[in-house]
Amino acid sequence: MNEVTDALAPIEDGQRAENCFLFGPSGAGKTTVARAAVRELRREVLDVPYAYVNCWRDYTRNAVLERLSRDLVGGAVPRSASTSTLLDRVHRDFNGPGVVILDEVDQLRETELLYDLHEFRGLSWIGIANDEVDLLADLDERVRSRVSVGYRVRFDRYGEDTIAEILERRAREGLGPNAASDEVFETIARLADGDARMGITTLRAAARKASSEGLSNIPRRLVEDSISEAEREIARKTYSKLNDHQRVVVDVLQEEAPLIQRDLHERYSERHDNPVSLRYFRDTHLSKLEHYELITTESRSGKKYYDLALGHPEQHKPIQ
Ligand SMILES: Nc1ncnc2c1ncn2[C@@H]1O[C@H](COP(=O)(O)OP(=O)(O)OP(=O)(O)O)[C@@H](O)[C@H]1O
Ligand SMILES: [Mg+2]
C-alpha cells in the first residue's frame, strides 16, 4: 500500500505519477490495495480524474479507450466510436494528472494501448496481474523505451494470522460481535491457504448455513462444508467474468472433455466468430482459466488433457 501511495504521490504536486505494476496470487489484495490507494489520493486531491478498467472484460484497445473516454473525460461517447475518434477525444479533453487502474492487465490483447496512455498528458497507470509478465514485450523498440514502470510490487499470499484477523473484523462488522470463535476464524484461515477471497467467501457461506439452522453463531463443524461451497461460489463468479473466448472453452469442455490442446483450440475456433491464434489461446485464455482453477490438466501417455475442474460453474446452485 505504501509503495503504491508513493508512486501516486507526484499527483499531489500536479505532476504525472509513476506507473506501477502489482502482481501476485489470487486473493492477495492487489485490487483492494490499488483501489484503496486511489481512494486515499482522491481524498487528498479532490477530483483527480480516475478510471478503473478490468482488462478481462475490456481486452481490446478500443474497449479500454472507450472506458477512458467515458470515465476520464466524461460526457457521452458516440456508440461504436473508432479508435482514432476515441484517441482524439481523450487527447483533446483530458488534462492530467490522472490515474487508471488496469486490472487483469495480462488479459489485454493490444498492448500498444500502454503507449497510448503514455501519450495522454499527465496520465499514469497501475497495472495488476497474477504473474510478473513483461507488459511491454510486444511493443515496438522505440516506443518501449519511453514507457516506464517505476514501481513493481510483489504481493505474497497472506499469512494465516492476517487472514484470521481480516475474518474477525469482517465478522464483527457484518455479523455482529461473537458471531464465531477464534478457533473458527483460525480454521477458515488455515483452509483458505493465503487467499483472502476464499476466506471471506467461506465465512459468508458458514454464516448462511448457521443462520439457516437458526443458530446465532457459527459452529466449528460447519467450516469444512463451507469451504467447498465457497470454492463453487468463487468458480461461479469467475465464470461470470469470463470473456466470450473463455466461455466457449468452458462450453466446449462441458461437451467434449477431456481434450488435448490442439483439439480444444480447433473446437473453439469452429465456434467462435473471431478466434485467436493457438499461441495466444494458450498463453492468455487457457492460462487464465487454469489459474482460476476452472479447468485442470492431466497427463496421460505423454499427452496433456484439459477438463473442467468442478463441472460447469453455472450449474452449481448456491446452497441457501
Ligand atoms: N488487507 C485486507 N483487508 C481486508 N480485506 C481484504 C484485504 N485484502 C483483501 N481483502 C479482501 O479479500 C478479497 C480478495 O482481495 P482482492 O480482490 O484485492 O484480491 P486480488 O489480489 O485482486 O485477487 P485476484 O488476483 O483474484 O483478482 C476481497 O473481498 C477483499 O476485500
Ligand atoms: Mg483482483
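Leaving aside its neighbours within four places in sequence, which residues is leucine 117 in contact with? With those neighbours set aside, leucine 117 touches Arg16, Leu68, Leu102, Leu123 and Trp125. Keep in mind as you look around that this is a predicted model.

**The cores**

Leu117 also turns up in the largest nonpolar core, which has 33 residues. Leu117 is among the residues with the most contacts inside that core, along with Leu68, Val100, Leu102, Phe120 and Trp125. Strand E1 (20–23), E2, H3, helix H4 (83–93), strand E3 (98–103), helix H5 (112–119) and strand E4 (123–129) each give two or more residues to this core. Apart from it there's another core, of 22 residues, including Val249, Leu264, Leu286 and Leu308.

Let's stay with H5 for a moment. Leu113, Leu114, Tyr115, Asp116 and Leu117 are buried in this helix. The buried residues of H5 pack against H3, H4, E3, E4 and helix H6 (141–144).

What does the UniProt record say? An unreviewed entry there lists residues 16–155 as "domain: AAA+ ATPase". In the model, that span is 36% helix and 19% strand, and its end C-alpha atoms lie 24 Å apart.

**Rings and charges**

A search of the whole structure turns up 3 aromatic pairs. One of them is tryptophan 56 with tyrosine 292, a stacked pair at 5.3 Å centre to centre, with 25° between the planes. Tryptophan 56 lies in the loop between strand E2 (50–54) and helix H3 (61–73), while tyrosine 292 lies in the loop between helix H13 (278–291) and strand E7 (295–300), so the pair ties together parts that are 236 residues apart in sequence. Tryptophan 56 counts as buried because its relative accessibility is 1%. Tyrosine 292 is buried too, at 15% relative accessibility.

| Charged residue | Ring | Distance from ring centre |
|---|---|---|
| Arginine 35 | Tyrosine 52 | 3.9 Å |
| Lysine 288 | Tryptophan 56 | 5.1 Å |

So tryptophan 56 has tyrosine 292 as its stacked partner, and lysine 288 lies over its face.

**A serine to look at**

Where does serine 26 sit? Its place is in the loop between E1 and helix H2 (30–44). At 13% relative accessibility, serine 26 counts as buried. Leaving aside neighbours within four places in sequence, serine 26 is in contact with Asn130, Asp195, Arg197, His291 and Tyr292.

How values were computed
Residues numbered from 1 in each chain as written. Chains lettered and ligands numbered in written order. Predicted model: local features only at pLDDT ≥ 70, side-chain atom pairs only at ≥ 80, totals over all residues. Heavy atoms only, no water. Phe/Tyr/Trp six-rings, centres within 6.5 Å; stacked < 30°, edge-to-face > 60°. Helix = DSSP H or I, 4+ residues; strand = E, 2+ residues; numbered from the N terminus. Buried < 20%, exposed > 50% of the residue type's maximum accessible area, 1.4 Å probe, protein only. Lys NZ or Arg CZ within 6 Å of the ring centre and 35° of its normal. Core = buried A, V, L, I, M, F, W, Y, C linked by side-chain atoms within 4.5 Å. Contact = heavy atoms within 4.5 Å. UniProt positions renumbered as here; feature names shortened; annotations may be inferred.
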